[in-house]
Amino acid sequence: MYRTHEVLQTLLQFLQHSAIATGIREGETLFPWIECVHVLALTLVIGSIAIVDLRLLGLGSRDRSVLQTTALALPVTWSAFVVAAITGGLLFSSNATSYAYNSFFQAKMLLIALAGLNMAAYHLILGKGAADWHSAAQTPWRVRVAGGLSLCLWIAIAACGRWIGFTISTPT
Amino acid sequence: MAWVVPAVQTVHILAVAAVITSALMINLQLLGVGGRERAVASTTNRFVSYLWWSLPVLLATGVTLIIGEPARVLKSPVFLLKMGLLIAAVSVMLVCRTPLQGGKAFWDLNGRRRWAVRCIAAASLTLWVAIIFAGRWIAYVQDA
């Protein structure tokens, strides 16, 4: 256990002292600009996933089929997620040793993993038969549960993200 | 009460998510990305209503944040820029909507109108992105 901690610490230090991380940390405007792109990307991730979740719950896009809704929203979700992950990684690297031990950062990563599992469960198991869900009334209850869970997880992820900014110790 | 500011900011960001995603969906349709299987007016209606309903939430949470930290917001020149951009973005939406009162197909009638609506869509999307960027910069630009 002690060994693992040391290896992790070394990796975080290595990341934090990389040229990119140092540039972001010491640059005047780099951090805010990356943060801007991160915020834009994450709002698109949450917004586009919410379109799908609200349809699964039977609360939004009620007159459209589930497949029409996912075809519209998921390309936005995935492209925005890639951008959010890259910009998030850059922000993390600039102060890796602090972020890694911030409870809200840890909670955020855990919740993203749970949201990913929920999405995988939908695509691999729960979502079989989606081609038949033309209107809101036809969506099975287990799928509605997955949609509601996803919506709650992403709201919590946004909250954790905001709380990181208030609890992180900035390097001087 | 240390939790109030991040909590209100979280609601603000979620409402921003609703606005920017709706704006993206509306403007992608207008730009003709992903096919134009329906008339402009009918495809945009759904997301236009999400967008309008999010604005009061943004206003309420935004005003709460100003009351909570008046100096942080009001002393930042970026805040004024953000409000200017917001007025511009809302104006573009209203202007785009007005001709539709006369008939739902207004923007689909001829090639010139289709071209005009694409320019409006690109401008609108740029404005909403600029508003988000300005929002984040309020925290960094404090000299007035």
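Guide: A residue is buried if 20 or more other C-beta atoms lie within 10 Å of its own, exposed if 12 or fewer, and partly exposed in between, with C-beta atoms placed from the backbone.

Visitor: How much of chain B is buried?

Guide: Buried residues are 33% of its 144 residues. This is a predicted model: local features need pLDDT of at least 70, side-chain atom pairs count only at pLDDT 80 or more, and totals for chains, interfaces and linings use all residues. Residues are numbered from 1 along each chain as its sequence is written, and chains are lettered from A and ligands numbered from 1 in the order in which they are written.

Visitor: How many helices and strands are in chain B?

Guide: Chain B has five helices and zero strands. Both are DSSP runs, numbered from the N terminus: helices are H or I, at least four residues, and strands are E, at least two.

Visitor: Which residues touch the most others in the largest nonpolar core?

Guide: Ile46(A), Val19(B), Ile20(B) and Ile132(B), out of 72 residues. Helix α3 (residues 30-57) of chain A gives the largest share, 15 residues. Such a core is a set of buried Ala, Val, Leu, Ile, Met, Phe, Trp, Tyr and Cys residues joined through C-beta atoms within 7 Å.

Visitor: What does Ile132(B) touch?

Guide: Leaving out residues up to four places away in sequence, Ile132(B) touches Cys36(A), Val39(A), Leu40(A), Thr43(A), Val16(B) and Ile20(B). Contact means C-beta atoms, placed from the backbone, within 7 Å.

Visitor: New topic. Is Leu124(A) buried or exposed?

Guide: Exposed, because Leu124(A) has 9 C-beta neighbours inside 10 Å. Leu124(A) lies in helix α6 (residues 103-126) of chain A.

Terms used. Two residues are in contact if their C-beta atoms, placed from the backbone, lie within 7 Å.
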